[in-house]
Amino acid sequence: MAESVKRPVDLRSDTVTRPPPGMRRAMAEAEVDDDVLGKDPTVDRLERRVAELLGKDSALFFPSGTQANQTAMLLHTSPGTEAVCDSESHVFNYEVADAAWLAGVQLNPVESDHGRLTAADVVKAIRPGDRHHSRTSLVWMENTHNMHGGVVVPLASMQSVRELALERELPVHLDGARLWNASAASGTSLSDYSACADTVMVCFSKGLGCPIGSVLAGPRELIDAAWSVRKRLGGGMRQVGILAAAGLWSLDHVLPELADDHARAARLAEACRQIDGLEPVEPDTNIVMIDITIPGIDAAGLARRLEEQGVLLLTAGPTRVRAVTHFDVDDDGISRAIGGFRSALS
Ligand SMILES: Cc1ncc(COP(=O)(O)O)c(C=O)c1O
């Protein structure tokens, strides 16, 4: 294809992927039935497979990560209590205050070392349990950590949080929208990470490239109860095996390739480091945060210049942009993106 008519290199997010032909075929050929009647065989297969991968009894398919996260919030807490989370977490910043709106829960955000939440961070926020404070009802973790740049939270940190929570008899939820990436980057199994939490949410619509879909996994009684919460939230879906088929396909074809996305993110970061005025954060996975140190150029300005060069990304602060790799951006795309950065700042 001539350079001038090539699609832009789209690094806005790993949610911008277009389903590849194999995934579309799997969707078209999916065996389906009414999942609200509990009869869709493809959804059943996906739920069983995810439960097994995460080492949990049971799992439930949701349309979005937000709905699955909030179902967990509703299951673990009661109105007027608090959930402890990282101050840069998705649940605190990007779910439209839904913990307050839906569950009547106040979030108690704590600072951590770039999202690597530890017991030492969490312990400071657990309420004493007297008559003057709300009661702490939940501890919330996120891995990889999105807004800290796809940071992999080490298993040891998660285990320390889990031990503390067990001591204090608190349930733990893991927002694992990109747990796949954490596991691919660290070699730690999905089930070892999941063992640090009672419930785990994973997304198919991020690094795995599906058009839609998340799964909440956990103990059987909780996931049974999650079914009714999902229905209340309007998340009961009918012949949704069409979407579950995309998820199953992605586990076989996209999950094994995630390390390539990470290598491409590392290559982009390394190239940006060579450009005067750019300070990329070394990525753990597929998200590259790039700080701009050129006077007079802010994140929005750089994003505009890059768009003119055929490179799309999002701002992540006044002088920070965020570029995310995914299967729709190959090695050639990264070369074009690097060229775009050089031209934009030359
Ligand atoms: C860490 C994290 N959790 C949860 C979500 C919510 O997922 P959804 O957009 O499917 O509601 C996102 C979305 O980007 C996310 O990055």
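This note goes through the structure point by point, from the whole chain down to single residues.

1. The basis of the model. This is a predicted model, in which local features need pLDDT of at least 70 and side-chain atom pairs count only at pLDDT 80 or more, while totals for chains, interfaces and linings use all residues. Residues are numbered from 1 along each chain as its sequence is written.

2. Overall dimensions. Along the principal axes, the C-alpha atoms of the protein chain fill a box of roughly 60 × 50 × 35 Å.

3. Composition and burial. The protein chain has 14 helices and 13 strands, these being DSSP runs numbered from the N terminus (helices H or I, at least four residues; strands E, at least two). Of the 346 residues, 51% count as buried, where buried means that 20 or more other C-beta atoms lie within 10 Å of the residue's own, exposed means 12 or fewer, and partly exposed is in between, with C-beta atoms placed from the backbone.

4. Two domains. The domain assignment of the protein chain gives domain 1 (3-17 + 257-344) and domain 2 (31-253), with bounds that come from an automatic or database domain assignment. Taken over C-alpha atoms, the centres of domain 1 and domain 2 are separated by 28 Å.

5. Where the domains touch. In all, 17 residues of domain 1 are in contact with 15 residues of domain 2, a contact being a pair of residues whose C-beta atoms, placed from the backbone, lie within 7 Å. On the side of domain 1 that touches domain 2, the elements giving two or more residues are helix 12 (258-273) and strand 10 (287-292), and helix 12 supplies the largest share, four residues.

6. Four strands form an open sheet in the order 9-10-13-12, and the pairing is antiparallel; strands pair if DSSP finds at least two bridges between them. Strand 9 (278-280) and strand 12 (314-315) stand at the edges with a single partner strand each, so one side of each is left without a neighbour in the sheet. Strand 10 is joined to strand 13 (residues 320-324) by five bridges, and M289 stands opposite R322 in strand 13.

7. Helices on that sheet. Helix 12 lies across strand 9, strand 10 and strand 13, running at about 15° to strand 10. Helix 13 (residues 299-308) also packs on the sheet, touching strand 10, strand 12 and strand 13, and its direction makes about 45° with that of strand 13. For these angles, axes are lines fitted to C-alpha atoms, for helices over the stretch in contact, and values run from 0 to 180 degrees between N-to-C directions.

8. Strand 3 and its partners. Strand 3 (residues 82-86) is mostly covered, with five of its five residues buried. Strand 3 runs parallel to strand 4 (residues 106-110), joined by five bridges, and D86 stands opposite V110 in strand 4. With strand 5 (residues 136-142), strand 3 pairs in the parallel sense over three bridges, and the bridge partner of E82 in strand 5 is T136.

9. A residue in a loop. K39 has its place in the loop between helix 1 (21-28) and helix 2 (41-54), and K39 counts as partly exposed because it has 14 C-beta neighbours inside 10 Å. Not counting residues up to four places away in sequence, K39 touches D33 and D34.

Notes:
Two residues are in contact if their C-beta atoms, placed from the backbone, lie within 7 Å.
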